[in-house]
Amino acid sequence: MKIDGLSALVTGAASGLGLAAARALREAGARVALLDLDAQRVADAANALGGLGIECDVTDSGAVARAIETAEARHGPVRINVNCAGIPGGMRLVGRDGPVDTAAFARVIEVNLIGTVSVMTKCAARMMQLPPLNDDGERGIIVNTGSITAFEGQIGQGAYVASKGAVASLTLQAAREFMPRGIRVMTIAPGLFRTPIADHIPQEVIDGMLDGRMFPNRFGEPSEFGRLAVDIIRNPMLNGEVIRLDAGVRLQAR
Ligand SMILES: NC(=O)c1ccc[n+]([C@@H]2O[C@H](COP(=O)([O-])OP(=O)(O)OC[C@H]3O[C@@H](n4cnc5c(N)ncnc54)[C@H](O)[C@@H]3O)[C@@H](O)[C@H]2O)c1
């Protein structure tokens with residue numbers, strides 16, 4: 001899909017990977033709406049990039065619907081949706097205090113999974129009503145953010161792993177469902193990226209990863225995530241797949 005001039009909506013866009021995706025889309029010529037829980041930071045980010053900043057909690061269904069309407073009123077129908085809003089969710093299933101607090105577990109699922117589902121389905125429903133953009137019949141694309149922890153669940157990452165595993169397994173199902181309407185669905189599963197969320201990764205896990213088990217042997221830069229998001233959008237043969245962006249690392253149990 002040619003990105004230039006298209007309307008894009010990115011969640012979690014005030015920081016880290018979402019901000020990098022928004023920047024890469026702007027550089028590719030998209031008109032970008034940046035959504036985030038953090039009103040001030042998303043306004044600042046949007047001003048810096050020349051985008052539209054919208055305060056939005058992805059777990060608030062009504063707020064998501066209103067944010068999409070606001071974005072479309074300014075930029076036209078959303079054709080590109082990149083979902084990066086997420087929170088860490090480190091917890092043991094059975095810890096020192098006993099079984100996991102299911103309310104805390106559910107909160108992580110609510111943001112990382114239900115929030116992603118809410119935004120992607122609302123965007124997809126609108127994309128379905130649009131005319132195709134090209135000879136392939138493409139109407140739009142959704143790029144979600146998973147994590148390599150979906151495949152190598154580490155001890156202590158309970159709710160986070162479950163949320164990202166669900167995002168990964170939903171990728172092919174959603175792609176298949178939306179195929180007849182010309183909408184692709186992809187997921188990027190990052191490894192270790194230098195963003196504020198990485199502050200929640202235990203130092204022993206970081207030390208273990210940066211111990212010759214990956215090449216390049218360093219944190220990924222958010223711009224490398226943004227670049228992949230743009231490449232996925234441009235390449236119409238990528239659909240229904242989860243792409244690891246992880247320098248070849250495989251996580252240990254802890
Ligand atoms: N950084 C990494 O190493 C890494 C690795 C694997 C996966 N990820 C995933 O990448 C995504 C982006 O993470 P990041 O590293 O950029 O972290 P980040 O903390 O820099 O950015 C996350 C953004 O999401 C926003 N957010 C949180 N809850 C929200 C909500 N309910 N509604 C709207 N916005 C909300 C935050 O305000 C923040 O701006 C997350 O889904 C994360 O799980 C990150």
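Sorted by class, the shell around the ligand has 15 nonpolar, nine polar and four charged residues. Here Ala, Val, Leu, Ile, Met, Phe, Trp, Tyr, Cys and Pro count as nonpolar, Asp, Glu, Lys and Arg as charged, and the others, Gly among them, as polar. A quick note before the views: this is a predicted model, where local features need pLDDT of at least 70, side-chain atom pairs count only at pLDDT 80 or more, and totals for chains, interfaces and linings use all residues. Residues are numbered from 1 along each chain as its sequence is written, and side-chain values use heavy atoms, with hydrogens and water left out.

**View 1. Who sits around the ligand.** Ser 15, Leu 17, Asp 36, Tyr 160 and Thr 195 come nearest among the 28 residues around the ligand (a residue is near if one of its heavy atoms lies within 4 Å).

View 2. On its own the ligand exposes 830 Å², and the protein buries 94% of that (accessible areas by the Shrake-Rupley method, 1.4 Å probe).

**View 3. The largest pocket, taken by the ligand.** The ligand's space is the largest pocket (more than half of the molecule's atoms lie within 2 Å of the grid points). A pocket is an open set of points on a 1 Å grid over the protein atoms alone, where a 1.4 Å probe fits, with protein on both sides within 12 Å along at least five of seven lines; lining residues have an atom within 4 Å of a point. This one holds about 960 Å³ of space, the volume being what probe spheres set on the points fill. Its lining has 46 residues, with Gly 86, Ile 87, Pro 88, Tyr 160 and Ile 197 nearest the centre.

**View 4. The second largest pocket.** Its volume is about 160 Å³. Among the residues lining it are Asp 136, Glu 138, Arg 184 and Pro 236. By class, that lining has four nonpolar, three polar and three charged residues.

View 5. Most residues other than glycine have a negative phi, and most peptide bonds are trans.
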